[in-house]
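Here is a short briefing on a protein model. Look over the sequence and structure first, then read the notes.

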Amino acid sequence: MTAHPTESEALLTPSEVATLFRVDPKTVTRWAKAGKLSSIRTLGGHRRYREAEVRDLLSGIPSQREA
């Protein structure tokens, strides 16, 4: 799922998300493809993830899509 970020929104790279979850960056990409985590694409086609959503997922708070 791809969404549009706001200007002040903090975005994380797949490597940064992977470090937080202690998984491989490819796992983070698979989560995004499976819809478990929404991603934003840069102009170069790279994935970025909203820091707030990642932190909520890390703390066990379900996202709005799951509710």
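R50 lies in strand β3, residues 47–50 (helices, H or I with at least four residues, and strands, E with at least two, are DSSP runs numbered from the N terminus). This is a predicted model: local features need pLDDT of at least 70, side-chain atom pairs count only at pLDDT 80 or more, and totals for chains, interfaces and linings use all residues. Residues are numbered from 1 along each chain as its sequence is written, and side-chain values use heavy atoms, leaving out hydrogens and water.

**R50**
- R50 counts as buried because its relative accessibility is 17% (buried is under 20%, exposed over 50%, partly exposed in between, with a 1.4 Å probe and protein chains only).
- Opposite R50 of β3 stands L11.

**Sheet**
- Three strands form an open sheet in the order β1-β3-β2, with antiparallel pairing (strands pair if DSSP finds at least two bridges between them).
- β1 (11–12) and β2 (40–41) are the edge strands, each pairing on one side only.
- Helix α3 (residues 51–59) packs on the sheet and touches β1 and β3 (contact means heavy atoms within 4.5 Å).

**Aromatic pair**
- There is one aromatic pair in the structure.
- The ring centres of F21 and W31 lie 5.2 Å apart with planes at 80°, so the pair is edge-to-face (Phe, Tyr and Trp rings, Trp by its six-membered ring, pair with centres within 6.5 Å; planes under 30 degrees apart are stacked, over 60 edge-to-face, the rest tilted).
- F21 sits in helix α1 (residues 14–21) and W31 in helix α2 (residues 25–34), so the pair ties together parts 10 residues apart in sequence.

Key: Axes fitted to C-alpha atoms, helices over the stretch in contact; angles between N-to-C directions.
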